[in-house]
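The following exercises ask for a step-by-step reading of one structure. Each task is followed by a worked solution.

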Amino acid sequence: MTVELVKHSAADTDVLWAARVSTAGEQSLDELEKDPERSKGLINFLMRDRHGSPFEHNSMTFFISAPIFVFREFHRHRAGWSYNEESGRYRELEPVFYVPDASRKLVQEGRPGKYRFVEGTAEQHRSVTESLETSYRRSYEAYQEMLDAGVAREVARAALPVGLYSSMYATCNARSLMHFLGLRTRHELAKVPSFPQREIEMVAERMEAHWARLMPLTYEAFNANGRVAP
């Protein structure tokens, strides 16, 4: 998975001036010149008591490359998000496909809503790798055959599986990202348990690392209050 922070306007001071406008009016902009560390208590209060709107006055744009099935889960997140994805209608898609490595747990145990994943055997990993590679190779050959026959890209792409890599720009604010992280990561500090698919969690972890560097006080408050978005 690839996650690049391509641009941002995001800092802890953005939370502070947005929050203080309710009592200081235009003087709240003075927060831009002050050390946000002095007001970390306010950030924690806003997070703890779920005053969420001050966390929306910032922006982060990520370039993400991941399998299509990851994006299908990603696009469930709509409030506070903007997406633009590469189009198989307008460009020939490259043969880049996802094959889990040996660290991917393959076996699901338990019933829906109460299950866990455990390690697969060497034979299961071999079967997954060989089966996916065979399927990917044949599907891409079918795709190429249709293109060579003059079939439109938007029709030929129907032969391609959800394991194909795609790329997109995703733009969000800290509040929408916190909602995403609360659902798409499993974390020991989380007050509410989550059971994300590992592949989207890998993307979420990389996004979280970028955000933590941009807004360390907000990130600290998020973790201190159970990783529940305000």
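Predicted model: local features only at pLDDT ≥ 70, side-chain atom pairs only at ≥ 80, totals over all residues.

**Exercise 1. The cover of strand β6**

How many of the eight residues of β6 are buried?

Solution. Residues are numbered from 1 along each chain as its sequence is written, and side-chain values use heavy atoms, with hydrogens and water left out.

Buried means under 20% relative accessible area, exposed over 50%, and partly exposed in between (1.4 Å probe, protein chains only). Helices (H or I, at least four residues) and strands (E, at least two) are DSSP runs, numbered from the N terminus.

Step 3 gives the result: six of the eight residues of β6 are buried, and the strand is mostly covered.

**Exercise 2. The sheet around β6**

State the strand order of the open sheet and identify its edge strands.

Solution. Step 1: two strands count as paired if DSSP finds at least two bridges between them. Strands of a sheet pair through backbone hydrogen bonds, either parallel or antiparallel.

Step 1: the order of the four strands is β1-β2-β6-β3, and the pairing is antiparallel. β1 (2–9) and β3 (81–85) are the edge strands, each pairing on one side only. From one strand to the next, the twist averages 20°; axes are lines fitted to C-alpha atoms, for helices over the stretch in contact, and angles run from 0 to 180 degrees between N-to-C directions.

Step 2: the partners of β6 (residues 165–172) can now be listed. With β3 it forms five antiparallel bridges, and with β2 it forms eight, also antiparallel. Cys172 of β6 is the bridge partner of Trp81 and also of Met60. Tyr169 in β6 stands opposite Asn84.

Step 3: helix α6 (residues 174–184) lies across β2 (59–67), β3 and β6, and runs at about 75° to β3.

**Exercise 3. Helix α8 and the segment after it**

Which residues of helix α8 are buried, and what covers them?

Solution. Step 1: in α8 (residues 216–224), the buried residues are Leu217, Thr218, Tyr219, Ala221, Phe222 and Asn223.

Step 1: their cover includes α1 (12–24), α2 (40–48), α6 and α7 (198–214).

Step 2: contact means heavy atoms within 4.5 Å. Glu208, in helix α7, is in contact with Leu181, Thr185, Tyr219 and Arg227, leaving aside its neighbours within four places in sequence. Glu208 counts as buried because its relative accessibility is 7%.

Step 3: Arg227 lies in the segment after α8 and counts as buried because its relative accessibility is 4%.

**Exercise 4. Positive phi values**

Which residues other than glycine have a positive phi, and where are they found?

Solution. Step 1: most residues other than glycine have a negative phi.

Step 1: Arg50 has a positive phi near 60° and is found in the loop between α2 and β2. Arg227, in the segment after α8, has a positive phi of about 55°.

Step 2: Gly226, which follows α8, has a positive phi near 80°.

**Exercise 5. Val128**

Is Val128 buried or partly exposed?

Solution. Step 1: Val128 is found in helix α4 (residues 122–148).

Step 1: Val128 counts as partly exposed because its relative accessible area is 25%.

Step 2: apart from neighbours within four places in sequence, Val128 is in contact with Pro100 and Leu106. The C-alpha atoms of Val128 and Thr23, which are 105 residues apart along the chain, are separated by 59 Å.

**Exercise 6. The chain as a whole**

Describe the protein chain by its secondary structure, extent and contacts.

Solution. Step 1: the chain contains eight helices and six strands, in the sequence pattern β-α-α-β-α-β-β-β-α-α-β-α-α-α.

Step 1: its C-alpha trace spans about 65 × 45 × 25 Å along the principal axes. Of the 230 residues, 41% are buried.

Step 2: among contacts with a separation of 6 or more, 74% come from residues 24 or more positions apart.
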